[in-house]
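Thanks for coming. Please have the structure open.

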Amino acid sequence: MTKAEEQRLQKKQEKLKAERQRLWEMQVYERQYQDLAYVCGIDEVGRGPLAGPVVAGAVILPKECEILYLNDSKKLSEKKRELLYEEIMEKAVAVGLGVIGPARIDEINILQATYEAMRMAIAQLSVKPDLLLNDAVTIPQVKLPQVPIIKGDAKSISIAAASIVAKVTRDRMMVQYEELLPGYHFASNKGYGSAAHIAALKELGPCPIHRKSFIGHFVAEQKESR
């Protein structure tokens, strides 16, 4: 092995060591509750967009689970999220999803819709969790023990996994909506209020997946164009 190869190998090993240390620090809550059989991470995505559903993920990872580069979904590239999504789905003890659409969001408001999506995700799990680690919130009408963690998707591997599952699921849905409802650039903006999305909304009017309670600033009359 040449000197250059040795240096490259050493750098690779140092990076791997640093990554494992980062993950160890992200397991602080999982270690705190290691005597429990099933600790579940909960997170949501899609509270802010003008269109599309809010999606919650619930993920139970096995003890001593190692998924390198697992992190808050917002800190990862789309390609990295997709790869991690596949690994999470392969390794997880259980995964649940909750999807609440625009009409329901308009009916009960986005906060209550988020809670409803989270309850739905918990109900979808194939095993009953002993504890929920939630990103920031305490979910009403849930009798299971809950630990709300501010910025939990960056502090807990379970919540990070839930954030990735929710994000990838919702992004894939918005890409499909782009095919069904072209013109709003849903594949690229994922329903968020980008300049191109707002311009299309003003030109075309709202479509069936727009949240009527979110778009009053952009359209005078909320008549569906399609």
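Buried here is under 20% relative accessible area, exposed is over 50%, and partly exposed is in between, with a 1.4 Å probe and protein chains only. In a regular strand the side chains alternate between the two faces of the sheet.

Some bookkeeping. This is a predicted model, with residues numbered from 1 along each chain as its sequence is written. Local features need pLDDT of at least 70, side-chain atom pairs count only at pLDDT 80 or more, totals for chains, interfaces and linings use all residues, and side-chain values use heavy atoms, without hydrogens or water. Strands are DSSP runs of E, at least two residues, and helices are runs of H or I, at least four, numbered from the N terminus. Strands pair if DSSP finds at least two bridges between them.

Strand β2 (residues 54-60) pairs with β3 in the antiparallel sense, over seven bridges. Val54 has Ile100 as its bridge partner in β3.

Next, β4 (residues 131-135), where five of five residues are buried. Leu131, Leu133 and Asp135 point one way, Leu132 and Asn134 the other. β4 runs parallel to β1 (residues 39-45), joined by four bridges, and Gly41 is partnered with Leu133. Four bridges also join β4 to β5 (residues 146-149), again parallel; there, Leu132 is partnered with Gln146.
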